[in-house]
Amino acid sequence: MFQFRHQGFVHCIFTLREDSQNTTFKPNPLFVCWLKKKTMTLQTVCVFVFVVLVAVQCQVLDFTRQLTPDDFYCGRIQCVANSSQSIINMAIYDTTEKGNSVKLAFISVFAPIVSVDPSNVNVINVTGTISKYNGVLNVWFSRDFDCLYGAYQCELEFVNINGQPDAVRENLAPAAQINATLLYSLVKIDSQLTNTNTQLEGLKIDSEALKKDNEVLKQDNKGLKTVLDSVLVELSSIKGIMNSTLAVDHDKKNGSLCYRGMPHKSPREKFVLPGNIQALCDTESDGGGWIVLQRRVRGDVVFYRGWGDYKRGFGTPDTDFWIGNDLIHDLTSQGYNEFRVDFVHSNREYFAQYTNFTIGDELSGYLIRIGGYSGNVFDAMNYHNGYKFSTFDRDNDLSGSNCAVLFHGAWWYNACQYSNLNGAWAVANTTGISWRFSVNDSLMNLSFTEIKVRYNKR
Ligand SMILES: [Ca+2]
């Protein structure tokens with residue numbers, strides 16, 4: 001009988017011997033699983049030990065689930081182990097997801113401090129104790145899912161009767177009858193959604209920050225635009241000065257006697273254009289250098305004339321005159337593209353000046369292109385921009401009537417006019433010399449007019 005080396009068995013025999021003087025047997029922890037609170041005779045016990053103990057080992061795992069719905073925790077699982085052999089380790093696994101067993105809690109006799117898988121955030125508390133023959137492990141959860149629908153396994157490792165490590169396991173099925181795997185997937189999705197929400201919150205914050213950055217950039221941009229605008233104004237001014245200089249150079253080079261800034265003795269000086277054409281120079285308006293194309297100051301020349309007269313010109317610098325549409329076309333073709341009108345109404349002086357002015361040749365009907373207005377009166381030429389010249393004998397206007405006849409003049413009539421500088425002299429009605437000072441009202445019966453061009457080729 002003593003050939004059995006197993007420590008537990010020897011312990012049993014010695015225990016039996018110690019108790020042999022008594023007629024009753026007090027169960028040693030070694031036999032607690034079989035001999036629970038039973039009183040047996042010595043012989044019965046020893047026979048039982050010989051027959052059974054060698055082959056059967058006694059390990060009991062009591063694995064339970066306790067819901068605590070009114071507590072901070074939703075529930076607890078508890079594994080209680082009793083062993084006839086020396087316990088090594090105890091562990092509880094989450095087996096909810098098939099094929100993926102996760103260790104929730106662990107305790108070892110070699111380091112009897114319970115440890116928990118740090119990656120498992122759903123476990124909110126673990127406790128445990130362990131000794132050579134007993135172990136307890138508790139795991140608390142906070143989520144209903146873990147309490148009701150989780151599947152778990154308790155594992156007890158011990159030294160078997162042959163002195164080899166061995167293990168027993170006890171499973172705890174879900175408390176609720178549902179598809180735990182499906183639910184587990186849903187919980188995972190829920191967890192991912194939570195993460196996604198967190199990321200979205202992060203993106204929202206990023207977006208707010210970007211919005212603020214954008215506002216700052218907008219402000220910077222406004223600042224830059226202001227700087228750029230002022231630079232453009234500077235450049236425009238420099239360009240203007242350069243153009244003036246170029247224009248003076250041009251006039252000097254061509255031996256012209258009418259150029260910007262020219263020395264002069266009077267505001268209007270006569271000179272001769274190529275082709276021996278007598279002409280008049282405005283030496284003072286806006287720096288001077290204007291070749292006068294039309295002048296009406298005395299009323300001694302009739303302006304109600306036909307196409308041919310306006311083509312060739314009529315009058316002289318000593319009287320009132322129209323220099324001639326062919327010549328105006330030539331001048332604008334040569335770079336005399338700055339246009340100015342001066343006139344007087346009720347002793348007040350007005351002017352309208354344009355940086356861009358051309359008229360076509362006779363074939364085009366002396367079609368006018370005019371723009372770039374500045375001045376101290378309404379821009380009445382804009383209405384005529386793009387229209388042909390008309391006389392009483394050449395109706396090129398847009399009206400169903402003949403504007404030249406209606407307004408007693410000759411002009412780039414549209415349908416019909418906002419300006420009528422070749423109208424009848426000293427007449428205070430619509431046939432007279434007029435210039436609109438608004439869309440609806442005209443300055444009538446002008447007492448002085450001049451139309452002029454200046455070299456400004458770019
Ligand atoms: Ca017409």
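The S-S bond of Cys74 and Cys147 has a torsion of about 70°, so this disulfide is right-handed. A disulfide here is a pair of cysteine sulfur atoms within 2.5 Å. The pair links distant parts of the chain, 73 residues apart: Cys74 sits in the loop between strand 1 (59–67) and strand 2 (75–83), and Cys147 in helix 3 (residues 144–149). Helices (H or I, at least four residues) and strands (E, at least two) are DSSP runs, numbered from the N terminus.

A quick note on what you're looking at: this is a predicted model, where local features need pLDDT of at least 70, side-chain atom pairs count only at pLDDT 80 or more, and totals for chains, interfaces and linings use all residues. Residues are numbered from 1 along each chain as its sequence is written, and side-chain values use heavy atoms, leaving out hydrogens and water.

The structure holds four disulfides, and here are some of them:

| Pair | S to S distance |
|---|---|
| Cys74 and Cys147 | 1.5 Å |
| Cys79 and Cys154 | 2.1 Å |
| Cys403 and Cys416 | 1.9 Å |

For Cys79 and Cys154, the torsion is about -90°, so that disulfide is left-handed. Cys79 lies in strand 2 and Cys154 in strand 8 (residues 152–159), so the pair ties together parts 75 residues apart in sequence. Cys79 is buried, at 0% relative accessible area; buried means under 20%, exposed over 50%, and partly exposed in between (1.4 Å probe, protein chains only).

Now for Val116, in strand 5 (residues 111–116). Val116 is partly exposed, with 38% relative accessibility. Leu232, in helix 4 (residues 180–253), is partly exposed too, at 47%.
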